[in-house]
Amino acid sequence: MPIQLDADLPAPLIPLAWLVGTWAGAGVVGYPTMEADQRFGQEVTFSHDGRPFLSYSSRTWLLDDDGRQGKPLASETGYWRPVAAT
């Protein structure tokens, strides 16, 4: 699938253009303190407002036996600012 660049995308973000959008999926989480592995869902969004960084947000939740969204697990937000290699 070809990537379409947003006309407002600052030049430093062009290498990250493929990330812009919302990504979602499912996986399995397990920790030594958990009795059993559990299935979880995650949604990650990368966006920009014309400045030279990406805004980032992520949220995760447990999935029930039918794959439906259940108990929230974690969320985070932040920014990705590319820097030139030195």
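This is a predicted model: local features need pLDDT of at least 70, side-chain atom pairs count only at pLDDT 80 or more; totals for chains, interfaces and linings use all residues.

Which side chain does the side chain of Ser-58 join in a polar contact?

Analyst: Residues are numbered from 1 along each chain as its sequence is written, and side-chain values use heavy atoms, with hydrogens and water left out.

The partner is Gln-42: its side chain and that of Ser-58 are joined by a polar contact of 2.9 Å. A polar contact is a pair of N or O atoms within 3.5 Å; within protein, one must be able to donate a hydrogen and the other to accept it, and residues adjacent in sequence count only if both atoms are side-chain atoms. Ser-58 sits in strand E3. Strands here are DSSP runs (E, at least two residues), numbered from the N terminus. Ser-58 is buried, at 7% relative accessible area. Buried means under 20%, exposed over 50%, and partly exposed in between (1.4 Å probe, protein chains only).

What surrounds Ser-58? Setting aside residues up to four places away in sequence, Ser-58 touches Gln-42, Glu-43, Val-44, Ala-74, Ser-75 and Glu-76. Contact means heavy atoms within 4.5 Å.

Two of these neighbours lead further. Take Glu-43 first. Glu-43 forms a salt bridge with Arg-59, with the closest N and O atoms 3.5 Å apart. The rule for a salt bridge is a side-chain nitrogen of Lys or Arg within 4 Å of a carboxyl oxygen of Asp or Glu. Arg-59 lies in strand E3 and Glu-43 in strand E2, so the pair ties together parts that are 16 residues apart in sequence. Arg-59 is partly exposed at 36%, and Glu-43 is partly exposed at 26%.

The structure holds 4 salt bridges. Among them is the pair of Arg-51 and Asp-49, whose closest N and O atoms are 2.6 Å apart. Arg-51 is partly exposed at 46%, and so is Asp-49 at 47%. Another salt bridge joins Arg-68 and Asp-64, at 3.3 Å from N to O. Here Arg-68 is exposed at 51%, whereas Asp-64 is partly exposed at 27%. Asp-64, Asp-66 and Arg-68 are linked in a salt-bridge network.

Now Val-44. Val-44 belongs to the largest nonpolar core, which has 8 residues: Leu-9, Leu-13, Ala-17, Leu-19, Val-44, Phe-46, Leu-54 and Tyr-56. Such a core is a set of buried Ala, Val, Leu, Ile, Met, Phe, Trp, Tyr and Cys residues joined through side-chain atoms within 4.5 Å. Strand E2 (38-47) and strand E3 (54-63) are the elements that give two or more residues to this core.

Leaving aside neighbours within four places in sequence, Phe-46 is in contact with Leu-19, Val-20, Gly-21, Trp-23, Leu-54, Ser-55, Tyr-56 and Trp-80. Phe-46, Tyr-56 and Trp-80 form one aromatic cluster. Rings of Phe, Tyr and Trp (its six-membered ring) pair if their centres lie within 6.5 Å; planes under 30 degrees apart are stacked, over 60 edge-to-face and the rest tilted. The count comes to 5 aromatic pairs. One of them is Trp-18 with Trp-23: edge-to-face, 6.2 Å centre to centre, with 75 degrees between the planes. The rings of Tyr-56 and Trp-80 have their centres 6.0 Å apart and their planes at 20 degrees, so this pair is stacked. Tyr-56 lies in strand E3 and Trp-80 in strand E4 (residues 69-80), so the pair ties together parts that are 24 residues apart in sequence. Tyr-56 is buried at 15%, while Trp-80 is partly exposed at 38%.

Last, the loop between E2 and E3. His-48 is found there. His-48 counts as buried at 18% relative accessibility. The His-48 side chain reaches the backbone nitrogen of Gly-50 at 3.1 Å. Beyond four places in sequence, the contacts of His-48 are Asp-6, Asp-8, Leu-9, Pro-10, Leu-13, Phe-53 and Leu-54. Among these, Leu-9, Leu-13 and Leu-54 are also members of the nonpolar core.

Conventions: Helices (H or I, at least four residues) and strands (E, at least two) are DSSP runs, numbered from the N terminus.
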